[in-house]
Amino acid sequence: MSYSGEPIEFAAARLSGDIVETTERRVRDLGGIFEDKVAFRSADQDHIVYRVDSYAPVEPGTEGGLFFGVTHLMPGVIGREYYMTKGHFHAIRNRGEFYWGISGCGVLVLMDETRADRIEEVRPGSLHYVPGDTAHRLVNTGDAVLDVGACWPSDAGHDYSSIAEVGFSLRVLKGDAGPEIENR
Ligand code: PAN
Ligand code: ZN
């Protein structure tokens with residue numbers, strides 16, 4: 001055991017400890033992922049869409065290690081499209097991941113490299129296995145913050161560029177009677 005700092009704690013969706021790192025994604029960081037460009041430009045660019053608190057007990061790239069994170073995805077829309085994470089494949093494509101719902105409700109969008117997609121409903125207690133070779137994105141379809149835990153291999157890395165270029169094969173839109181899935 002090489003780490004001897006304060007203990008890491010995980011309770012009520014709050015990850016805390018002196019080596020927990022927080023990444024914030026604001027509207028301005030998410031250019032390109034939302035379809036409605038006019039609505040995107042008129043949105044408050046400073047508004048935080050999500051935060052990820054993560055605990056990396058080993059160096060990124062370490063084979064055989066694990067990372068742990070909690071994503072806090074705010075409720076909201078840009079145009080009719082719900083707030084969502086950027087989404088990514090892992091840089092080492094075959095690396096998988098677990099997600100689990102803690103609080104709030106939403107969907108996990110999964111898409112393989114042939115662009116075959118599926119969605120899973122995320123709610124408190126739901127468990128999601130993201131297989132290797134599968135891009136993944138969270139969407140908050142509710143009115144409250146969506147908190148989702150995750151655990152992934154420390155050598156997985158994140159490839160955002162493939163998704164930035166071609167997007168996912170479906171979008172989750174706010175309809176009059178609830179979420180609507182639109183295929184691309
Ligand atoms: C998660 C994601 C987190 C934020 O920890 O990184 O939900 O989504 P983006 O990374 O797509 O912005 C994970 O999947 N890690 O591998
Ligand atoms: Zn991932």
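**Around ligand 1**

In the side chain of His90, an N or O atom lies 3.2 Å from an oxygen atom of ligand 1. Keep in mind as you explore that this is a predicted model. The tour starts with the ligand and its surroundings, then visits a handful of individual residues.

*Polar contacts of the ligand*

- Glu97 also takes part, with a polar side-chain atom placed 2.9 Å from an oxygen atom of ligand 1.
- Tyr160 brings an N or O atom of its side chain to 2.6 Å from an oxygen atom of ligand 1.
- On its own, ligand 1 would expose 390 Å², and the protein buries 97% of that area.

*Where the ligand sits and what surrounds it*

- If you are looking for ligand 1, you will find this molecule in the largest pocket.
- Two elements each give two or more residues to the shell around ligand 1: strand E4 (48–55) and strand E9 (97–103).
- There are 14 residues around ligand 1, and the ones that come nearest are Tyr50, Thr71, Gly87, Tyr99 and Tyr160.
- Sorted by class, the shell around ligand 1 holds five nonpolar residues, seven polar ones and two charged ones.

**Residues worth a visit**

- You can find Glu81 in strand E7, which covers residues 81–82.
- Is Glu81 buried or exposed? Glu81 has a relative accessible area of 2%, and because that is under 20%, Glu81 counts as buried.
- The side chain of Glu81 makes a polar contact of 2.5 Å with the side chain of Arg171.
- The side chain of Glu81 also reaches the backbone nitrogen of Glu35, at 2.9 Å.

*Two residues with positive phi*

- Ala13 is not a glycine, yet its phi is positive, at about 70°.
- To locate Ala13, look in the loop between strand E1 (9–11) and strand E2 (14–16).
- Ala13 is buried, because its relative accessible area is 7% and the cut-off for buried is under 20%.
- Asp133 also has a positive phi, of about 60°, although this residue is not a glycine.
- The loop that holds Asp133 runs between strand E12 (127–130) and strand E13 (134–140).
- Is Asp133 buried or partly exposed? With a relative accessibility of 34%, Asp133 counts as partly exposed, because the range for that class lies between the 20% and 50% cut-offs.

- Met74 belongs to the loop that links strand E5 (66–73) and strand E6 (77–78).
- At 17% relative accessibility, Met74 falls under the 20% cut-off and so counts as buried.
- Met74 and Ala144 are 70 residues apart along the chain, and their C-alpha atoms are separated by 6.9 Å.
- Gly149 is part of strand E14, made up of residues 146–153.
- The relative accessibility of Gly149 is 0%, so this residue counts as buried.
- How many Å separate the C-alpha atoms of Gly149 and Val77? The separation is 22 Å, for two residues that are 72 residues apart along the chain.

Conventions
Residues are numbered from 1 along each chain as its sequence is written. Chains are lettered from A and ligands numbered from 1 in the order in which they are written. This is a predicted model: local features need pLDDT of at least 70, side-chain atom pairs count only at pLDDT 80 or more; totals for chains, interfaces and linings use all residues. Side-chain values use heavy atoms; hydrogens and water are left out. A residue is near a molecule or strand if one of its heavy atoms lies within 4 Å of it. A polar contact is a pair of N or O atoms within 3.5 Å; within protein, one must be able to donate a hydrogen and the other to accept it, and residues adjacent in sequence count only if both atoms are side-chain atoms. Accessible areas come from the Shrake-Rupley method with a 1.4 Å probe; for residues, only the protein chains shown count as cover. On a 1 Å grid over the protein atoms alone, a cavity is a set of points where a 1.4 Å probe fits but cannot get out, and a pocket is an open set with protein on both sides within 12 Å along at least five of seven lines; lining residues have an atom within 4 Å of a point. A molecule sits in a cavity or pocket if more than half of its atoms lie within 2 Å of its grid points. Helices (H or I, at least four residues) and strands (E, at least two) are DSSP runs, numbered from the N terminus. Ala, Val, Leu, Ile, Met, Phe, Trp, Tyr, Cys and Pro count as nonpolar, Asp, Glu, Lys and Arg as charged, and the others, Gly among them, as polar. Buried means under 20% relative accessible area, exposed over 50%, partly exposed in between (1.4 Å probe, protein chains only).
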